[in-house]
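Please open the model in your viewer and keep the selection panel at hand.

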Amino acid sequence: MRQLLVFAEREDAEEVAETLGEWFPELGVPRVVRETLAGEDDAEDAQWLVVAEGLDTAQWERVDALVEEYDGWRESG
């Protein structure tokens, strides 16, 4: 199942992606992508996403705790 980890800051997204790559090396390092919000005139309002998939329920609990540390959240994607 693909999940999107959403962050306001690029650095936060990159750090989380790197950490996930270390925690779950079999999955590789997740992609970090920029998502602009529909209708937004200011590119500064773009969100940064870490695209993650292939984790089980217990692993997602650990990931959710990490994401919260960086003031992010998880969405289905």
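Predicted model: local features only at pLDDT ≥ 70, side-chain atom pairs only at ≥ 80, totals over all residues.

**Helix α2**

Select residues 57-69, which make up helix α2. The helix has 13 residues, and from its first C-alpha to its last it reaches 19 Å, close to the 18 Å expected at 1.5 Å a residue.

Now show the side chains of Gln59, Trp60, Val63, Leu66 and Val67, the residues of α2 that are buried. Turn the view to look down the axis of α2: the buried residues fall within an arc of 120°, so they line one face of the helix. What lies over these residues? The elements that cover the buried residues of α2 include β1 (2-7), α1 (10-23), β3 (47-53) and β4 (73-76).

**The start of the helix**

Move to the start of α2 and select Asp56 together with Ala58. A side-chain oxygen of Asp56 comes to within 3.2 Å of the backbone nitrogen of Ala58.

**The loop after the helix**

Next, select Asp71, in the loop that lies between α2 and β4. Just after α2, Asp71 adopts a positive phi of about 55°. Is Asp71 buried or exposed? Asp71 is exposed, its relative accessible area being 66%.

Select the strands now. In what order do the four strands of the open sheet run? The order is β2-β3-β1-β4, and the pairing is antiparallel. At the edges stand β2 (31-35) and β4, each with a single partner strand, so one side of each is left without a neighbour in the sheet. From one strand to the next, the twist averages 35°.

Focus on β1 and β4, which run antiparallel and are joined by four bridges. Within this view, select Leu5, which stands opposite Arg74 in β4.

**Helix against sheet**

Finally, display α2 and the sheet together. Helix α2 packs on the sheet, where it touches β1, β3 and β4. The direction of α2 makes about 15° with that of β1.

Conventions:
Residues numbered from 1 in each chain as written. Heavy atoms only, no water. Helix = DSSP H or I, 4+ residues; strand = E, 2+ residues; numbered from the N terminus. Expected span 1.5 Å × (residues − 1). Buried < 20%, exposed > 50% of the residue type's maximum accessible area, 1.4 Å probe, protein only. Arc of directions from axis to C-beta. Contact = heavy atoms within 4.5 Å. Polar contact = N/O pair within 3.5 Å; in protein donor to acceptor, adjacent residues only side chain to side chain. Pairing = 2+ DSSP bridges. Axes fitted to C-alpha atoms, helices over the stretch in contact; angles between N-to-C directions.
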